[in-house]
Amino acid sequence: MNQVEQIISPEWIIPISHNGHSQPKPLKQHSIAINKQKIVAIAPTDSLLKDYQTDNHLSLPGQALLPGFVNCHTHAAMSLFKGLSDDLPLMMWLENHIWPAEKKWVDDKFCEDGVTLAIAEMLLSGTTCFNDMYFQPNMTAKVSQDLGMRAMVGMLIFDFPSVWGSGWEAYLKKGLSLRDDYKHSDLLSFAFAPHAPYTVSDEPLRKVSTLSNELSIPVHMHIHETAHEIKESLSQYGKRPLKRLQELDLVNPNLIAVHMTQLQRNEIETIASHGVSVVHCPQSNMKLASGISPVQDLMTAGVNVALGTDGNASNNDLNMFSEMKTASLLSKVYTGSAQACSAADILYSATMGGAKALGLEETCGSLEVGKAADMVAINLDTIQAQPLYDPVSQIVYTAGREQVSHVWVNGKLQVKDGQLTQMDQGKLIAMAKNWRNKIQDS
């Protein structure tokens, strides 16, 4: 009999299909065996217990075990700006409120505390991997590594100087050096993160394109977020942003295109034919009145679609449960079809879709033998989840993050019985209040 570190026996295992949007049927009365951070077996419980033994067998009746959510677009440290300036359009929000606040407050300590708060919120919401773009990526990397959170760290790039660098060449140099510092990490990966077409000019984008193609590094970027962005690009460059990026050789499978609310039919075809992944952030787009991404059209065209929350300052949470439900319902209204963006499609986008976008599909995004044990257990034995006919439907349309009971990242238990195992929640709340007082009184 094989000795393993953990065996988990939920009522359902929802493995998520590795390829395509179709979901395998939830596995009832199955167990999963974990050893050395990896999934080593998934089988009917009676059968698995004949082949494997453990000193740590967790039984979860009434609960569903599935891959942890992949939040594919965040600005984690902005958690400390949550609720600072609400109910404003994007450019007014940025130029008059967020950018001035960032200029005054953002430094290593701000980002360390903001990322810590964000990771706590994400873990309690079932997220086990996030894709970040923000200042001080050194702190995002440090905190994620220290807390055992899987992350893709954005090597931020702007044309203009900031607390992180003096200009685009400095951003690139510091980002690549940071990536090299963590080259042996089994939790961290890195992406170029040019902020947006309207904040990064052609020369740095050409350099990013060259390095991305040479080193196989993803490129994480806000693209076609608002109608204003399109208008400004036509005025300045005589072409739409996506066309400009295509001419700079950035439209390829390395591109993680975030928002994409302003798309024409030919652009959807271009995205599909070039293997671009799109990150849909429905609640942030709605809150900032940026527009609606044509997600069902993208999926129909064969585009890989992932989900992201965006930053806490524009959402205002990092809750993938509410993001999933919003994504599905918004698409149904937008298309006029109740069949658009089914629960299975959206759950796929929140897990494997995100993993594929980040190039981590061999590591996370589904529960399969050999993959990392990045998992979330959701309690469906609750009033709001009953009666239960379909666990997948119930998770997308009914469940909330308060039903998350356990979360594992790389086989390590990060949330147990709804409580963080590595962080003191009282201290986190006190830290957040301290920042609120400083920022509010300034």
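A polar contact here is a pair of N or O atoms within 3.5 Å. The model is predicted.

Q: How many residue pairs are in polar contact between domain 1 and domain 2?
A: The count takes pairs in which both residues are at pLDDT 80 or more. Between domain 1 and domain 2 it comes to 7 residue pairs.

Q: Which residue forms a salt bridge with Glu121?
A: The rule finds 2 salt bridges across the interface of domain 1 and domain 2. A salt bridge needs a side-chain nitrogen of Lys or Arg within 4 Å of a carboxyl oxygen of Asp or Glu. For Glu121, the closest N and O atoms are 2.9 Å apart, and the partner is Arg401.

Q: Which element gives the most to the side of domain 1 that touches domain 2?
A: The elements giving two or more residues to this side are strand 7 (57–67), strand 16 (375–379), helix 14 (391–397) and strand 17 (404–409). The top contribution is 5 residues, and it comes from helix 14.

Q: What area do domain 1 and domain 2 bury between them?
A: The size of an interface is often given as the accessible area lost when the parts come together. Here 62% of that area lies on carbon and sulfur atoms. The total for domain 1 and domain 2 is about 2400 Å².

Q: What distance separates the centres of domain 1 and domain 2?
A: The assignment gives domain 1 as 2–67 + 372–410 and domain 2 as 69–358. Taken over C-alpha atoms, their centres are separated by 29 Å.

Note on methods. Residues are numbered from 1 along each chain as its sequence is written. This is a predicted model: local features need pLDDT of at least 70, side-chain atom pairs count only at pLDDT 80 or more; totals for chains, interfaces and linings use all residues. Side-chain values use heavy atoms; hydrogens and water are left out. Domain bounds come from an automatic or database domain assignment. Buried area is the accessible area (1.4 Å probe) that two parts lose on being put together, summed over both. A polar contact is a pair of N or O atoms within 3.5 Å; within protein, one must be able to donate a hydrogen and the other to accept it, and residues adjacent in sequence count only if both atoms are side-chain atoms. Helices (H or I, at least four residues) and strands (E, at least two) are DSSP runs, numbered from the N terminus.
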